[in-house]
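Good morning, and thank you for coming. I would ask you to look at the structure on the screen while I speak.

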Amino acid sequence: MTGVRRLNHAVLYVRDARRSAEFYRDALGFEVVADYGNGAAVFMRASETENHHDLGLFSIGTNARGSERGRVGLYHLAWQVESIHDLANTRAKLLELGGLVGESDHGVSKSLYAKDPDGIEFEVMWAVPPELWGEMEHEAITQRLDLDAELARFG
């Protein structure tokens, strides 16, 4: 039996799929590959992927209850970018959109945390090249991210 290699796509219930699609387009550069049922479902793809879609958005109506932290269910999704510069560019976009809610240095990765228009949290992360992990590989750390220092170090 072979194991799972990676996440192929995520599907989210949102209040308005088209509104959410605009956010993910502006924040992460996703493109719409299909829009079904007059916005009932929107499928999106990241620019550097070979997947048919990386994100599916299903409209469930404007009166739908939102997610609450600390309840059973999905906490967040993590989207990986190619470079520390991509992470910095994404940070600027998320700040512009008012979606950035946190930043963390996990040693082996540098992460931004954001919320979409429905309050669904997601992470955008850059993975430090494995040859630079050293002892960090076996540590689970969370500390303040100094993106300027990381750009100087890895950029």
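This is a predicted model: local features need pLDDT of at least 70, side-chain atom pairs count only at pLDDT 80 or more; totals for chains, interfaces and linings use all residues.

Residues are numbered from 1 along each chain as its sequence is written, and side-chain values use heavy atoms, with hydrogens and water left out.

Five strands form the open sheet, in the order β5-β8-β7-β6-β9, with mixed pairing. Strands here are DSSP runs of E with at least two residues, and helices are runs of H or I with at least four, numbered from the N terminus; two strands pair if DSSP finds at least two bridges between them. The edge strands, β5 and β9 (143-144), each pair on one side only.

Consider β8, residues 121-127, which runs parallel to β5 and is joined to it by four bridges. Within β8, valine 124 is the bridge partner of tryptophan 79, and phenylalanine 122 that of leucine 77. With β7, the strand runs antiparallel, through seven bridges; there, tyrosine 113 stands opposite glutamate 123.

Why is β8 largely enclosed by the rest of the structure? Six of its seven residues are buried, meaning under 20% relative accessible area, where exposed is over 50% and partly exposed lies in between (1.4 Å probe, protein chains only).

Finally, isoleucine 60 lies in the loop between β4 (55-59) and β5 (77-80). Isoleucine 60 is partly exposed, at 45% relative accessible area.
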